[in-house]
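Biologist: I would like to learn how to read a protein model. Could we start with the whole and then turn to single residues?

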Amino acid sequence: MKALVTGASSGIGYDICIELYKRGVEIVAVGRNKQRLKDLQSKIGCEIVSTDLSKRENCLKLYEDVKNVDILINNAGFGDVGFFTETDLEKELLMIDTNITAMHILAKLYLKDMTKNNFGYILNTASIASFLTGPFMATYYSTKAYVLKLTQAIGYEIKKQKKNVYIGALCPGPVATGFDSVAGVTFSLKAISSEKVAHIAVKKMFNKKATIIPTFSIKLGCLAGKILPSRVVCFFTYKSQKKKKS
Ligand SMILES: NC(=O)c1ccc[n+]([C@@H]2O[C@H](COP(=O)([O-])OP(=O)(O)OC[C@H]3O[C@@H](n4cnc5c(N)ncnc54)[C@H](OP(=O)(O)O)[C@@H]3O)[C@@H](O)[C@H]2O)c1
């Protein structure tokens, strides 16, 4: 099998590449940082593509250049922290382009091929944030809600079409990666390793689990997000995000 993994130059995506490699999957690793992609290549001998997925034309080119993909790991993404009136508009638009638009384009194009072949796996990296309302990190939480809702809706359509194609959402809580420094935060909750998240993600993806929440405490957080009134969720997420700001 052949996998295309975005956000492969560090963190969760990097470790997902290693997990897939251990299972004998051929990998195309995508990121912007060439040196980190080369480091991965020297470890697992994967193909690498250095491209900025916040640009639509690069997403379309990636699809044209990389064909016969059996597994798409749509994982590239980042966050930002602060009051909506104070955060940088340009950075947020890039976040929307990366977390939403790139994920959307790649999911659509590769899913069409997978549907034709009646085979394939798509795993979209969402977050615990997908289940919550996130004041002080409003844009990031909203992008991840989009990822989860789109994934669930497509998953239902695939079932109705009776296709042998999997689509699922990976919803971790805090993971020790480059995410916090890019977002300008320090985690207020204990972060788990990206190796652990990647191991669980790949195993559950092959078991066709639709929503993958790696740890029990984060499952409780997701449940709270589903059942508590939005203003109560906001109270806790705001408090937790404020604490994170470095
Ligand atoms: N860490 C957490 O606590 C956590 C929790 C829940 C969900 N997530 C999600 O997990 C995913 C992976 O994040 P991570 O925690 O592993 O953080 P990370 O170590 O910072 O990795 C982010 C990856 O996304 C890539 N990326 C970012 N912008 C890109 C762009 N414009 N074009 C191409 N690639 C881009 C980065 O590559 P380059 O830097 O090489 O461009 C990097 O490989 C993200 O979607 C994040 O939202 C993270």
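Modeller: We will go from overall shape to surface and then to two residues. Keep in mind that this model is predicted.

Biologist: What share of the residues is buried?

Modeller: Buried means under 20% relative accessible area. Here 51% of the 246 residues are buried. The accessible surface comes to about 12,100 Å², and carbon and sulfur atoms hold 56% of that.

Biologist: Is Ile227 buried or exposed?

Modeller: The cut-off for exposed is over 50%. Ile227 has 63% relative accessibility, so Ile227 counts as exposed. Ile227 lies in helix H8, residues 216-227. Together with Phe216, Leu220, Leu223 and Leu228, Ile227 forms a nonpolar surface patch with about 510 Å² of accessible area.

Biologist: Where is Ile96 found, and what does Ile96 contact beyond its neighbours within four places in sequence?

Modeller: Ile96 sits in helix H4, residues 89-117. Ile96 is partly exposed because its relative accessible area is 31%. Leaving aside those neighbours, Ile96 is in contact with Thr101, Thr139 and Thr143. Ser54 is 42 residues from Ile96 along the chain, yet their C-alpha atoms are separated by 8.1 Å.

Technical notes: Residues numbered from 1 in each chain as written. Predicted model: local features only at pLDDT ≥ 70, side-chain atom pairs only at ≥ 80, totals over all residues. Heavy atoms only, no water. Patch = residues over 30% accessible without salt bridge, like charges linked within 9 Å, V, L, I, M, F, W, Y side chains within 5 Å. Areas by Shrake-Rupley, 256 points an atom, 1.4 Å probe, with all protein chains shown as cover. Salt bridge = Lys/Arg side-chain N within 4 Å of Asp/Glu carboxyl O. Helix = DSSP H or I, 4+ residues; strand = E, 2+ residues; numbered from the N terminus. Buried < 20%, exposed > 50% of the residue type's maximum accessible area, 1.4 Å probe, protein only. Contact = heavy atoms within 4.5 Å.
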